[in-house]
Amino acid sequence: MKSYDIVVIGGGPAGMAAALAAHKNQVKNILIIERDLELGGILNQCIHNGFGLHHFKKELTGPEYSNLVTLELQKTNIEIMTDSMVLKLDHDNDNKTVYAINGKLGLMKIKAKAIILAMGCRERTRGAIRIHGARPAGVYTAGTAQRLINIDGYMPGKKVVILGSGDIGLIMARRMTLEGAKVEAVLEIMPYSNGLTRNIVQCLNDFSIPLMLSHTVTKIHGKERVEGVSITKVDMNLCPIKTTEQFIPCDTVLLSVGLIPENEISRACGIMIDRKTAGPIVGELRQTSKEGIFSCGNVLHVHDLVDFVSEEGYLAGFGAAQYIHNNLNPDFTHTTIPGDGINTVVPQKINAKNITDNIKLFMRVKKVYTNCAINAYIGDKLIAHKKENKFLPAEMVSLTIKKEDLFNNTNAEILIKIEQI
Amino acid sequence: MKTLINMTCICCPLGCDLEIDKSGTEFIVTGNKCLRGKKYAIEEITLPKRIVTSTVKITGGRHPVIPVKTSAAIPKEKIFTIMDILANVEITAPINVGDVVVKNIADTGVDIVATGA
Amino acid sequence: MYDITIIGAGVVGCAIARELARYNLKICLIEKNEDVGAEVTKANSGIVHGGYAEKPGSVKAKFSSKGNSMYKQLNAELNFGFAQTGSFVIGFDEKDALKINELFVYGQKNGVPNLQIVDGDFVRDKEPNLNKDINVALYCPTAGITSPYEFAIALAENAIQNGVELKLNSKVTTIQKSHDHFIITTNHGYSTLTTKIVINSAGLYTDEIAKMVGLDEFTIKPRQGQYLLFDKDQGDLINSVIFQVPTAISKGILVTKTYHGNLLIGPDATPAPEKDYLDTSSKNISEIIEAAKKSFPNFDLQKVISAFAGNRAAATTEDFIIEESKVSGFINVAGIESPGLTAAPAIATYVSEIVATIKQIKLSPKTNFNPYRKAYHAIASMQQQALNNLIKQDAKYGCVVCRCETVSEGEICDALHRNIPINSLDAIKRRTRAGMGRCQGGFCTPKIMEIIHNELQIPKEEITKKGGKSLFAFGRTK
């Protein structure tokens, strides 16, 4: 049975960053297990621009970002096992086992002192949001269509309706158009778009693609291949207004309706999951509820910018290294509580002893807030705040708390909430 | 009478709301938080430019296509011309990130470079 | 000239084909779709009924409990998946108790073994997550669950192994009676086939097939049923099949764990405007959800994977029609709605008895009939030793393609190379489960397309979801 100090599950940007950080912190034997043929994860199919502005101070495409990180990896002795799937984890305190499988070595049991979960996420499906009607070919989630086009070189369709105006939906509207398809409309159930304004300009306005806010797809038509969709306007409660129903002929429906962290392995191992983020409950160095197992990237909580994914990967890698060197204080001194207007906060727990200068909390707000501040309190004391013109659910926000503000308080709860300025 | 144009800057995720006064001989840009925004606003009115990212066919590679991009922004009106040219490009492995795949595409002075290997 | 031509390769047609394959006969099984069991059978709820719900003396009653008793043996031979989980018909009040008693009496008369009327505590002991207000139930230990399309596929593979010829993508267009045989044309216009006997097991279209030889005694009025399918963690909360008290037109909304462990609720029963109308609707599904809550109050709607529909091939006579018709040599096997799946093995033996009475046919048993069909190597359920041996023989079994259901490339290749010539994603899905999980093919679809392309040399722009024009891709990118 092979044995490593750290096994990283997932060789996308989160896993690669975690492995690099662990290596930089004197961990000797590190293995990355990746299910695809190459490293890079979802970046390989994100051929558009906009990555790396923070992390590399350059504007890069997904593959270029992945390439730079892979080059760093190649300078180390970190082992990489591609085309391999992790099936299960066993956690028995000191003994952690990763069960992985590939065609060359069969089913393997790999021992690890620490494990870093970086499996990314999957897309929410038509079935999960219950769009009714027929079940023809031509209904794709945006990521699957993106893979078909950008990796396999095939067009998923010619006349498209896209549901979901988050960045993935917008990017795909442009990609399909560039490849000669006609995107009839991008529908968005909310009264505002979730995507970056620059994407609305570059992906929709540039090509005169209509953005229909407060609309959704209520039925898919077509026996063998999609023939069209019924769409309706929705009311304040997001319920379809039947009298507004109209039919748009098309042969393809792309769904960009949400990402779900892929934690089936984590759940099966008994790791505690936060119901709101759908990812593990973690501490300041991304340690999960199972000792020696860490988590980072989209599997922990869905990110918008890969730069933050890399930052989080470094945290988890550092945390795993500290654990291996017996420098990680277990238990927790503080808990973060999402208050008014705050949907999710990561990390959910903090051990102040493991922090050197300060700690960054990452959160998402529940709806659009203008002229507000995000405030963090311990008891009555305000310990950190952030003011912006606008807070959007689609943009993860970070809030920095100084270490001394944690130690100065014995109260264990940090309440984070939105307040009007 | 003032001729005012509103637009959102797309240079970075801040997305400043810009206002351009076209009435005089020189364009006056307000609302930008940095100089890139000013440059973008003027360009967007006079000659809008975009970076184009796409894929081209490759033989002998791991996958049938590799990702490419324009090495700089090109005039927006040439986007589909460039896409048509790329449709007929076929390259052979090995290719490295940054290799020029097509020089001076559509007479823009800009190259098409590989972004994947 | 064929001795027997079976029109329609649903589970009943496949069962008949496999049964008749025991004899020295030239048999043709014709199917209009691109796979067997691809229409009514694949949307079946998969319940192997106890046999108490059918009126004693009816044709349905004759075959249901008998069919149930044949499943264990068939599964041992054909490896399609059958679990005898038991079933409950739950009741809340006096009215329900009366109906349950009636079913108990039916069951006794129909020969259902070990039926019991039990109280609420008994139910909750076996099913802790059901409605606390249940106070009476009919418990049938011999009921079970199966995978209906895998059953049809296994029957067909075994039939072909034993000499039956399967013609897929062949829709019968005309049937002419000529003295002592029939001439059949299909939509492959240039080819006709001749046969001594026709067995009409064409499901929704049995009435149209019968009309081709001038028979007009029944009509098929399709009755749609919609379902909602949930992830396996919801299936873990139920152990058996849970029925509510049946109505005149349906066995009622059921709540069950499927053979593969998902939670399934439905079906409802509404007349379908057309035989191939399979749309789901939010109104129907909402009603199913409300009805299911009566049995199982706390399933998690966030865990829905999919909604789908099927149409029951209900005959206007409201019972099975299994007999040689007025046209000699033309046997109808029609109106097979519930409990058709359960009854299928018993129907098949009965049909072979009908065939035996027909003068032109001699039923002489084959000496080399092989009842066994090889199972698929489902790596998801294999032990390490056996799995590693398999991977040493074929590395493709180590390459996981469908992450949600843990399905390997080896299984997908097996599906593509067996004796039923399929090539669509849905056909692969039904054989291997690839694409049936929570991501609904989001991850594996491009990979499966690559495998189909490599194994069968089909260009990717010709690969379909379910045959015909259900293409995935429209050509290459620029």
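**Note on the A–C contact and strand pairing**

1. In chain C, Ile199(C) has Ile331(C) of strand 20 as its bridge partner. Strand 12 (residues 192-200) and strand 20 (residues 330-334) of chain C run parallel and are joined by three bridges.

2. The coordinates come from a predicted model. For the complex, the predictor reports a pTM of 0.95 and an ipTM of 0.94. Chain C has a mean pLDDT of 95, with 99% of its residues at 70 or more.

3. Strand 12 of chain C also pairs with strand 1 (residues 2-7) of chain C, in the parallel sense and over five bridges. Within strand 12, Ile199(C) is the bridge partner of Ile6(C).

4. Chain A contains an open sheet of four strands with mixed pairing, ordered 8-13-14-15. Strand 8 and strand 15 (246-249) are its edges, each pairing on one side only. Strand 8 runs parallel to strand 13 (residues 215-221) of chain A, with two bridges between them; His132(A) has Lys219(A) of strand 13 as its bridge partner.

5. How much area do chain A and chain C bury between them? The figure is about 4,200 Å², of which 54% lies on carbon and sulfur atoms. On the chain A side, the residues losing the most area to chain C are Tyr154(A), Arg135(A) and His132(A), which together make up 17% of what that side buries. His132(A) is also the bridge partner of Lys219(A) in the pairing of point 5.

6. The contact draws 54 residues from chain C and 46 residues from chain A. Between the two chains there are 18 residue pairs in polar contact, both residues being at pLDDT 80 or more. Several elements of chain A each supply at least two residues to the side touching chain C, among them strand 4 (85-92), strand 6 (106-117), strand 8 (132-133) and helix 4 (142-150). Helix 4 gives the most, with four residues. By class, that side of chain A has 18 charged, 16 nonpolar and twelve polar residues.

7. Four salt bridges are counted between chain A and chain C. Lys219(A) forms a salt bridge with Asp279(C), with 3.3 Å between the closest N and O atoms.

Note on methods:
Residues numbered from 1 in each chain as written. Chains lettered and ligands numbered in written order. Predicted model: local features only at pLDDT ≥ 70, side-chain atom pairs only at ≥ 80, totals over all residues. Heavy atoms only, no water. Contact = heavy atoms within 4.5 Å. Buried area = accessible area lost by both parts, 1.4 Å probe. Salt bridge = Lys/Arg side-chain N within 4 Å of Asp/Glu carboxyl O. Polar contact = N/O pair within 3.5 Å; in protein donor to acceptor, adjacent residues only side chain to side chain. Nonpolar A, V, L, I, M, F, W, Y, C, P; charged D, E, K, R; others polar. pLDDT = per-residue confidence, 0-100. Pairing = 2+ DSSP bridges.
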